Amino acid sequence: MKCNKLVDVGRRQFLRGGAISAVGAAAAATFAAPGQANAQALARVEYPANRLANLADLAVNEPLDIAYPDADSPGVLIKLGTAVPGGVGPDGDIVAYSVLCPHKGWTLSYNAGDKTLNCPGHFSRFDCEAGGQQTWGHATQNLPQFKLQVTDAGDIIADGVDELIYGRLSNVLTA
């Protein structure tokens, strides 16, 4: 019977195949092109740089409404008060996200108590301190986070997005 041959593969052969796959993945990461060292960098989409605000415009835990990469893409800029992964600025605590829920496009609202963005439609919640990671609800992806940098003059510039913005078939701006 053909089915019995699959059982005969055994644990050692299975583990050997897994080890070979792991070595191959490590080699691919080691020899990746410059700037493509991890999957997160590959997911980012570059957009034209836009000034969103200045450091002086922000107060801790008070969101500032923005639009990026264009006027049809509402977002929020937040100074969280503690350093977070992907945060920029002198304290590493400034982040920006799309406020269109990736599930159905409802406009999210910020909850300062737990630093989440929340959907009024189907109650998805996204953690602003964890890169916009979904923590609850119907959404099937995390929030698009805007790639930020801060100039010497304190201007906060966005120049990329790490997820697909709701309602767009791609992350490419049309002319």
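Trainee: What makes S3 and strand S4 (residues 94-98) a pair?

Mentor: Two strands pair if DSSP finds at least two bridges between them, and S3 and S4 have five, in the antiparallel sense. The strands themselves are DSSP runs (E, at least two residues), numbered from the N terminus. This is a predicted model, in which local features need pLDDT of at least 70 and side-chain atom pairs count only at pLDDT 80 or more, while totals for chains, interfaces and linings use all residues. Residues are numbered from 1 along each chain as its sequence is written, and side-chain values use heavy atoms, with hydrogens and water left out.

Trainee: How do you know that S2 and S3 pair?

Mentor: The same rule is applied: S2 and S3 have four bridges, again in the antiparallel sense, where at least two are required. Ile66 stands opposite Gly75 in S3. A hairpin of six residues joins S2 to S3.

Trainee: Why is S3 called largely enclosed by the rest of the structure?

Mentor: Five of its six residues are buried, and S3 is therefore described in that way. Buried means under 20% relative accessible area, exposed means over 50%, and partly exposed lies in between (1.4 Å probe, protein chains only).

Trainee: Why is the pair of Tyr47 and Tyr68 called edge-to-face?

Mentor: Rings of Phe, Tyr and Trp (its six-membered ring) pair if their centres lie within 6.5 Å; planes under 30 degrees apart count as stacked, over 60 as edge-to-face and the rest as tilted. By this rule the count is two aromatic pairs. In Tyr47 and Tyr68 the centres lie 5.9 Å apart and the planes stand at 90°, so the pair is edge-to-face. This pair links distant parts of the chain, 21 residues apart: Tyr47 is in strand S1 (residues 45-54), and Tyr68 is in the loop between strand S2 (64-67) and strand S3 (74-79).

Trainee: What makes the pair of Tyr68 and Phe146 edge-to-face?

Mentor: The ring centres of Tyr68 and Phe146 are 5.3 Å apart and their planes are at 65°, so the pair is edge-to-face. Phe146 is in strand S9 (residues 146-150), and the pair again links distant parts of the chain, 78 residues apart. Tyr47, Tyr68 and Phe146 form one aromatic cluster.

Trainee: How do you know whether Tyr68 is buried or exposed?

Mentor: The relative accessible area of Tyr68 is 0%, and the limit for buried is under 20%; Tyr68 is therefore buried. Phe146, at 2%, counts as buried as well.
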